[in-house]
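Me: Can you walk me through how the inside of this protein is packed? Here it is.

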Amino acid sequence: TESALSLELAAPAAVDLAARAAWRQARQDVIAANSGPTTLAATAIADAGDEKPEPREDEHSPWRRGRAGTAVGRAVHAVLQTIDHGTLDGLADAARAQAAAEGIPDRANEVADLVRTACASRPLRDALASGRSWRELYVATPVPSGDGDVLVEGFVDLLYRATDGYAIVDYKTDGVRTEADIDRAMERYRLQGAAYALALGERLDAPVTRFECVFVTPAQVRTVQGRELEQALDEVRERIAVLRQVSAPVAV
């Protein structure tokens, strides 16, 4: 009838399948680019790809953040953070206090001896002579990667201004005993140092020219510099790019 409501259903618009596929791919690309981690610890970058990364201490406590290793190692790090590297004034008291804090009061003399070993090393003497050094330096710097930035973070034991740029020093209290042990440890440490160098290189007024590991048992210094450091930097950039994609969703 004339009073009846007449409904006209419009024919569905033709779907442009190619345009829809392009839109979905663009959407997936955006999701993927923003789904990976936006913050990476230098130690995580160094451990990426290792089937059995070294166990690490609980880092929730502020005084343990950024450090791994034994109670002796933590005590050594803590003393080196505060002691005068030149005079060693107050070393015995500091070693006793930190050993007690770590629950190993009977090993205070061992802690003090390891601190002496570190302070006698060439990198710590160079840092002292430079007149420009920074201890327990927290690093958190955006590093370009792909379509975005990744915040690379970590704690640098010691940074100093050398004649040719900056040098990063890391104290190593691992229970290594042989050259082969140190060689194996350096496979990971060189990447940890390169991650620090990459982050700091984005902000400093001169390049990071070397990463120095000061082993205290036995007393030895290993230095990553020149072409070896450049190769480590390239590997760190590759690992960051891979880690950014690990959480990316699968296309549907």
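Me: Before we start, what kind of model is this?
Reply: Residues are numbered from 1 along each chain as its sequence is written, and side-chain values use heavy atoms, with hydrogens and water left out. Local features need pLDDT of at least 70, side-chain atom pairs count only at pLDDT 80 or more, and totals for chains, interfaces and linings use all residues, since what you're looking at is a predicted model.

Me: Which residues does Val236 touch, leaving out those up to four places away in sequence?
Reply: Touching here is contact, meaning heavy atoms within 4.5 Å. On that basis, Val236 touches Ile45, Leu191, Ala194, Ala195 and Leu198.

Me: How many residues are in the largest nonpolar core?
Reply: A nonpolar core is a set of buried Ala, Val, Leu, Ile, Met, Phe, Trp, Tyr and Cys residues joined through side-chain atoms within 4.5 Å, and buried means under 20% relative accessible area (1.4 Å probe, protein chains only). Val236 is among the residues with the most contacts inside the largest one, along with Ile45, Ile168, Phe215 and Ile240. That core has 38 residues.

Me: And which helix gives the most to this core?
Reply: Helices are DSSP runs (H or I, at least four residues), numbered from the N terminus. Helices H2, H7 and H8 are among the elements that each supply at least two residues. With 12 residues, the top giver is H7.

Me: Which residues of H4 does H3 meet?
Reply: From H3, the residues involved are Ala75, Ala78 and Val79. Their partners in H4 are Leu91, Ala94, Ala95, Gln98 and Ala99.

Methods: Buried means under 20% relative accessible area, exposed over 50%, partly exposed in between (1.4 Å probe, protein chains only).
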